[in-house]
Amino acid sequence: MTLFEVYKDAIKRLTNPDSDEISVRILLCHNNGIKSMSGFYIHKNENIKDLQLFLNQFERFLKGEPIQYILNETEFLGYNFYVDERVLIPRQETEEVVMQAYLRAVRMFGDNVINVADVCCGSGVMGITLAKKLTVRYLFMSDISNDAIEVAKKNAASNDVIANFFVGNCCDELVKAGAKVDLFVANPPYILNKNDVEKSVLDYEPHLALFVDENLTVYRQIFEKLPLIKNKQMLCVFEIGYDLKEKLTELIKKTLKNVEFGFVKDINGKERILILLIK
C-alpha cells in the first residue's frame with residue numbers, strides 16, 4: 001500500500017479527524033524516514049516501508065496513548081529529546097518557561113560562566129536546553145524518580161551536554177553536594193484538581209510529576225533550601241499551575257527572606273511562571 005492509501009484508511013477510523021489527522025502523518029513520516037510534513041505529500045505515492053509497524057502504533061494512538069510515547073521522541077525549542085511513560089511530555093508552556101529563564105539569565109549574567117540547576121527535572125529538557133544556549137560550567141539535575149533521571153541522562157548524552165545527576169527529594173542532594181547555583185529552574189508537580197487533566201494524561205503520564213497537595217509541600221521544601229545553594233545571587237524560574245499564585249505568594253513570604261518575586265503570564269494570559277531573585 002502507498003502512504004496515501006494507508007493515510008486515507010486511517011483517517012476513516014479517527015473520532016476527531018480535524019485535530020488528529022496530523023498525528024497519522026507524523027507516524028507515517030517517522031516510519032518512512034520523511035523529515036517534514038511537506039515531505040509527506042512529495043512521497044505520498046511511495047509504498048509504506050512497514051505496514052504492520054504503523055498499524056500497531058496506530059492502534060495505540062486510537063486507544064489514547066500520546067504520540068510522543070509511541071515514537072519515544074519529542075521536539076523542544078528545536079532540540080530532540082527521548083520520552084517515555086516514566087516522564088512527562090514537555091508542553092509549549094514549558095518552552096515559555098525556558099525562554100523566560102534564558103532571556104533573564106542573559107540580561108543578568110551576560111556572557112559570564114554560570115552554574116545551572118534543574119530540579120524536578122523529569123526528562124531534562126529545561127536544564128539541557130539552557131546548557132546548550134548559555135555558557136554553563138556546571139549543570140545540576142535532580143529528580144525524586146530514578147526512572148526520570150535515567151531518561152534525563154539519555155537526553156543529556158544525545159544532546160552532548162555534561163551534567164551532574166542526583167536522585168533525591170527536591171534540593172536535598174544539591175545541598176549535600178555543596179552545589180552553588182546562579183540559575184535555578186524547576187517544573188514541580190503543580191496540579192491541584194484532577195478534573196483539570198485530560199484523560200490521556202491521567203492514563204499515561206506519571207502522576208508523581210503531576211499532582212501537588214493543598215499545602216504545596218514540594219514548593220515549601222524547595223523554597224527552604226534555595227538560600228543554601230545560591231551563589232552570590234540566584235535567579236529562579238518555576239513553571240506553576242494557573243491557580244497557585246495566591247498560595248505561592250503566601251508561602252514565599254513565610255519561607256524566604258531577601259527575595260524579589262513576580263508572576264509572568266503565558267501566551268494564553270494565565271500566570272504560569274514564577275520568577276524569584278534570591279539575594
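Lysine 225 is partly exposed, at 23% relative accessible area; the term covers values between buried (under 20%) and exposed (over 50%), with a 1.4 Å probe and protein chains only. Aspartate 172 is also partly exposed, with a relative accessible area of 23%. Their side chains meet in a salt bridge, 2.6 Å from N to O. Here a salt bridge is a side-chain nitrogen of Lys or Arg within 4 Å of a carboxyl oxygen of Asp or Glu. Lysine 225 sits in helix α11 and aspartate 172 in helix α9 (residues 172-177), so the pair ties together parts 53 residues apart in sequence.

This is a predicted model: local features need pLDDT of at least 70, side-chain atom pairs count only at pLDDT 80 or more, and totals for chains, interfaces and linings use all residues. Residues are numbered from 1 along each chain as its sequence is written, and side-chain values use heavy atoms, with hydrogens and water left out.

The structure holds 13 salt bridges. Three of them, including the one above, are listed here.

| Pair | N to O distance |
|---|---|
| Lysine 225 – aspartate 172 | 2.6 Å |
| Glutamate 214 – lysine 247 | 3.4 Å |
| Glutamate 224 – arginine 220 | 3.3 Å |

Glutamate 214 forms a salt bridge with lysine 247. This pair links distant parts of the chain: glutamate 214 is in the loop between α10 (199-204) and α11, and lysine 247 is in helix α12, 33 residues away. Glutamate 214 is exposed at 52%. Lysine 247 is partly exposed at 32%. Glutamate 224 and arginine 220 are four residues apart in helix α11, about one helical turn.

Helices (H or I, at least four residues) and strands (E, at least two) are DSSP runs, numbered from the N terminus. In helix α12 (residues 245-255), Leu248, Thr249, Leu251 and Ile252 are buried. These buried residues fall within an arc of 170 degrees seen down the axis, so they line one face of the helix. The arc is that of the directions from the helix axis to the C-beta atoms. The face turned away carries the exposed residues Glu246, Lys253 and Lys254. The buried residues of α12 pack against α11 (217-229), β8 and β9, with contact meaning heavy atoms within 4.5 Å.

An open sheet of seven strands runs in the order β5-β4-β3-β6-β7-β9-β8, with mixed pairing. Strands pair if DSSP finds at least two bridges between them. The edge strands, β5 (164-167) and β8 (259-265), each pair on one side only. Strands β7 (residues 230-239) and β9 (residues 271-278) pair in the antiparallel sense over six bridges. Phenylalanine 238 stands opposite leucine 274 in β9.
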